[in-house]
Amino acid sequence: MDLIVAADRAGLVKARDALGPGRIALVPTMGALHEGHRSLIRLAREHADHVVVSVFVNPLQFGPGEDFSRYPRTFDADLRTCEEEGVGVVFAPSADDMYLPDRQVEVSAGGMGGVVEGAFRPGHFDGVLTVVLKLFNLVRPDLAVFGQKDAQQLALIRRMVADLDVPVSVVGAPTVREPDGLALSSRNRYLSEADRRTALALSRALRAGAARAGTAGPAGILDAARAVLEEAARFDPPLLLDYLILADPATFGPVGDDHRGEAILAVAAKVGTTRLIDNMVLTL
Ligand code: AMP
């Protein structure tokens, strides 16, 4: 079946109803699609008969001074990617169509929305959850696929679905990386060659921490990761660390010394003008 492009909410509702019977999977994105997005779409196709991909750079989740206006927009290439991957509907609304001029109500991400990544990006997760809930209500999917690359986002979406009884199954997808370890991100296209060399320290630090998970406790894991990041702080350009945390996957608070089971080693840093995040799930 041919790919249907819906440019507004009314068009989406029509396109959704034209899909016919079967399970529907939603893959929300901000476009500038890469292999990570493709892997989400493939996972969605394994779980469903029809895949809807949204391409929407959501102004609500960008703070003042963040990269909303320069965020990469590659819509024609995104459409080709979706066609190649067998997507049924691409939903690409304008911000004016998505948000009513007199809108008032937003989803609050609660305490977990204000820590770690949320402490550096106030309001970010409220904006994410608000757009995701709107997308759920518009598409009415059976399931939705999100990347582990944005671990706190994935955890908060699971929280929203549980706390607000949202009838959508949430499927998490593993992080796709370049052969040298760099996690794929739409923002990687901002990186110069020198930036990219520095940026490799993020995944290197996570691997150094992960290598100690079998033998060391949280402090030892963090020390190993921090050593790599401190070295990269002396590179040109330098890595400027926002945070390194070993977080409880349920709360995103720091894990205690007695923590057992999964923990998320998460890092965020600026390299040049680009802010990057990455994480790995460890078992303690
Ligand atoms: P974005 O377009 O960056 O908002 O991301 C859309 C979805 O793709 C989110 O669920 C992300 O977690 C996911 N994603 C982004 N980068 C990757 C990656 N390298 N591997 C897997 N999923 C990713």
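Leaving aside its neighbours within four places in sequence, which residues is Arg-38 in contact with? Hold that for a moment while I cover the ground rules.

This is a predicted model, so local features need pLDDT of at least 70 and side-chain atom pairs count only at pLDDT 80 or more, while totals for chains, interfaces and linings use all residues. Residues are numbered from 1 along each chain as its sequence is written, and side-chain values use heavy atoms, with hydrogens and water left out.

Okay, back to Arg-38. With those sequence neighbours within four places set aside, its contacts are Thr-81, Glu-84 and Glu-85, where contact means heavy atoms within 4.5 Å. Arg-38 sits in helix α2; helices here are DSSP runs of H or I, at least four residues, and strands are runs of E, at least two, numbered from the N terminus. And Arg-38 counts as buried because its relative accessible area is 15%. The cut-offs are under 20% for buried, over 50% for exposed and partly exposed in between, with a 1.4 Å probe and protein chains only.

Now the ligand. There are 17 residues around it, and His-37, Gly-147, Asp-150, Val-176 and Leu-184 come nearest; to be near, a residue needs a heavy atom within 4 Å. A polar side-chain atom of Asp-150 is 2.6 Å from a ligand oxygen. Gly-147 puts a backbone N or O atom 2.8 Å from an oxygen of the ligand, and Val-176 has a backbone N or O atom 2.8 Å from a ligand nitrogen. On its own the ligand has 490 Å² of accessible area, and the protein covers 93% of that, by Shrake-Rupley with a 1.4 Å probe. Two or more shell residues come from each of β2 (24-29), α2 (35-47) and β5 (143-147), and α2 gives the most, with three.

On to the core. The largest nonpolar core has 46 residues, and among those with the most contacts inside it are Leu-12, Met-98, Phe-146 and Phe-252. By nonpolar core I mean buried Ala, Val, Leu, Ile, Met, Phe, Trp, Tyr and Cys residues joined through side-chain atoms within 4.5 Å. Helix α6 supplies the largest share of this core, 10 residues.

Last stop: Val-115, in the loop between α4 (95-98) and α5 (117-120). Is Val-115 buried, exposed or partly exposed? Partly exposed, because its relative accessibility is 32%. Leaving aside neighbours within four places in sequence, Val-115 is in contact with Gln-152, Thr-251 and Phe-252, and that Phe-252 is one of the core residues with the most contacts.

Terms used
A polar contact is a pair of N or O atoms within 3.5 Å; within protein, one must be able to donate a hydrogen and the other to accept it, and residues adjacent in sequence count only if both atoms are side-chain atoms.
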